[in-house]
There are 2 protein chains.
Amino acid sequence: MLPAEIVPVPLAVDLVVLTVRDDTLCVLLVRRGIEPFAGRWALPGGFVRPDEDLDAAAVRELREETGLARSTGHLEQLATYADLDRDPRGRVATVAYLALAPDLPVPVAGTDAAASRWWAVTDIPRAGSDGDSGANGTDGGTGGDGRAVGGMTGLAFDHARILADGVERARSKIEYSPVATAFCPPEFTVAQLRRIYEIVWGTRLDPRNFHRKVTRTAGFLVPTGRTTTRDGGRPAELFTRGDARLLHPAMLRPEPEDR
Amino acid sequence: MLPAEIVPVPLAVDLVVLTVRDDTLCVLLVRRGIEPFAGRWALPGGFVRPDEDLDAAAVRELREETGLARSTGHLEQLATYADLDRDPRGRVATVAYLALAPDLPVPVAGTDAAASRWWAVTDIPRAGSDGDSGANGTDGGTGGDGRAVGGMTGLAFDHARILADGVERARSKIEYSPVATAFCPPEFTVAQLRRIYEIVWGTRLDPRNFHRKVTRTAGFLVPTGRTTTRDGGRPAELFTRGDARLLHPAMLRPEPEDR
DNA sequence: TAAATAGTGTCTGTTAGACACTATTTT
DNA sequence: AAAATAGTGTCTAACAGACACTATTTA
């Protein structure tokens, strides 16, 4: 039997769902419809049901919030947060997951969310703003340098920290694994993949060296033989994801640009 | 208020405490004194107290089980495990931590553990064995290839999987961060550090190239000016840890040796 | 034709791996 | 001196970054 003095805690999963759209790294946020933090923006998530494992709960939440199928994109456990004061209702432990997805149709409103939308990670709503200035969609220009995640935000709970951890994980993981392809549609060009790296890292990459690098790293890309039709330019070859799980050698993230 | 249908779960932390001793990568295991799995070997750990955060619980358990001070070695969150069937008492979520420590004196028996000792990670007790064949200490020769973590083991709960995840994390983390120094005493030689890499990776490294690599990677090592006295050989310079948190460029893990 | 994007080749500097060689100790 | 370990230098192959150049499309 369990010792009597143990206090069990409610167990939740929260999702950092990232995508690249309109040349911006975006995260899916939902506006909370209930207390605590009613009206504030938060990461999508919910409590783990008594009959499901953590991964199953994350997959279910992802489907409920985005309609994303299990096989699309990438999903991995990020970290667990259980600080005593992170939820005013008392201690709640949340297991955060990181999801990377291709540009999706407008998200579906979840069960307990009044609304949901994509936010540029450099332009997270501040405390006090109602966050509707950008209508539904991302606003084109980012105020930041393309790398930082706003420090003082109005996100509910400790979700600003979880988001920052998720973005940092994504930025480092595309260095040594091919998960950047999770941001791409099933078939994609080298230029599309390069834009992903440039946007996630906030840097510029030489198109020619990038092309050589990704096409010659074993298992990264599989040529389909097909090409895209383009407007003004040579058609690009289309690729699908290879079966490599790690990149040897890794992609090198350039030093941050001074600008 | 929390929705009524939420079932709170007991929250524990478990530690994968690794060290290098007698030229072997070792993990600290405790023999369980109480049910479930009484008599079986398990990772040290315990339930999170109502008034402490996860990191605090991990630090407390580490001190209780090993006497290890907070500042020694390295401690980081590994992953969270909450499968429904991982504990016969019902669902228990455990947040696993990875600790890397220098070779320590014989561990102290914990509060609810009948005994504790270091085990070579390649020689984890099997189901059915009582695990006392090696007396107190690690047995010199490893049966394995120096890399695998025994698949079918007799560890309690899902601790074999957690241990495997922890070892894999350690093996990859020393590639791109200087945490291998956490296995070393406060002052150490290049050869000591090289043995750490060789033992954790299960490979041989060229002493001369390794020396050049670690001494020329900015922030990895700080020379103290002192040297060791040795028996038969030129005295080696002593170093302390540098302040780098990431290695640029990373250490390269050689292909596994065929032997 | 020009403009635009895709893709190849070439040069150079850095670094990893192999290994000859020197340096400093104990026996 | 011999043995042992520490540390440096040198050569070569792989690879990243810079960038000239060719290829294939649309307007």
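A polar side-chain atom of A:N209 lies 2.8 Å from a base nitrogen of DNA strand D. I begin with that pair, which counts as a polar contact, that is, two N or O atoms within 3.5 Å; within protein, one atom must be able to donate a hydrogen and the other to accept it, and residues adjacent in sequence count only if both atoms are side-chain atoms.

Please bear in mind that this is a predicted model, in which local features need pLDDT of at least 70 and side-chain atom pairs count only at pLDDT 80 or more, while totals for chains, interfaces and linings use all residues. Residues are numbered from 1 along each chain as its sequence is written, chains are lettered from A and ligands numbered from 1 in the order in which they are written, and side-chain values use heavy atoms, with hydrogens and water left out.

Helices here are DSSP runs (H or I, at least four residues), as are strands (E, at least two), numbered from the N terminus.

Which element gives the most to the surface near DNA strand D? It is α4(A), with four residues. Around DNA strand D there are 24 residues, and A:R208, A:N209, A:R212, A:K213 and B:E237 come nearest; a residue is near a strand if one of its heavy atoms lies within 4 Å of it. Of the atoms of DNA strand D that come within 4 Å of the protein, sugar and phosphate account for 58%. By class, the surface near DNA strand D has six nonpolar, six polar and 12 charged residues. In this scheme Ala, Val, Leu, Ile, Met, Phe, Trp, Tyr, Cys and Pro are nonpolar, Asp, Glu, Lys and Arg are charged, and the others, Gly among them, are polar.

I turn to strand C. DNA strand C is surrounded by 24 residues, the closest being A:E237, B:R208, B:N209, B:R212 and B:K213. A backbone N or O atom of A:E237 is 2.8 Å from a phosphate oxygen of DNA strand C. B:R212 brings a polar side-chain atom to 2.9 Å from a base nitrogen of DNA strand C. On the surface near DNA strand C, α4(B) gives the most, with four residues.

Finally, the protein interface. Contact, meaning heavy atoms within 4.5 Å, joins 29 residues of chain A to 30 residues of chain B. The rule finds eight residue pairs in polar contact across this interface, both at pLDDT 80 or more. On the side of chain A that touches chain B, β5 (74-81) and β6 (93-100) of chain A give two or more residues, and β5(A) gives the most, with four. The residues of that side divide into 20 nonpolar, two polar and seven charged.

How are the chains related? Chain A can be laid on chain B with an RMSD of 0.0 Å by a turn of 180° and a shift of 0.0 Å along the axis, the relation of a two-fold axis. The superposition is by least squares on the C-alpha atoms of residues with pLDDT of at least 70 in both.
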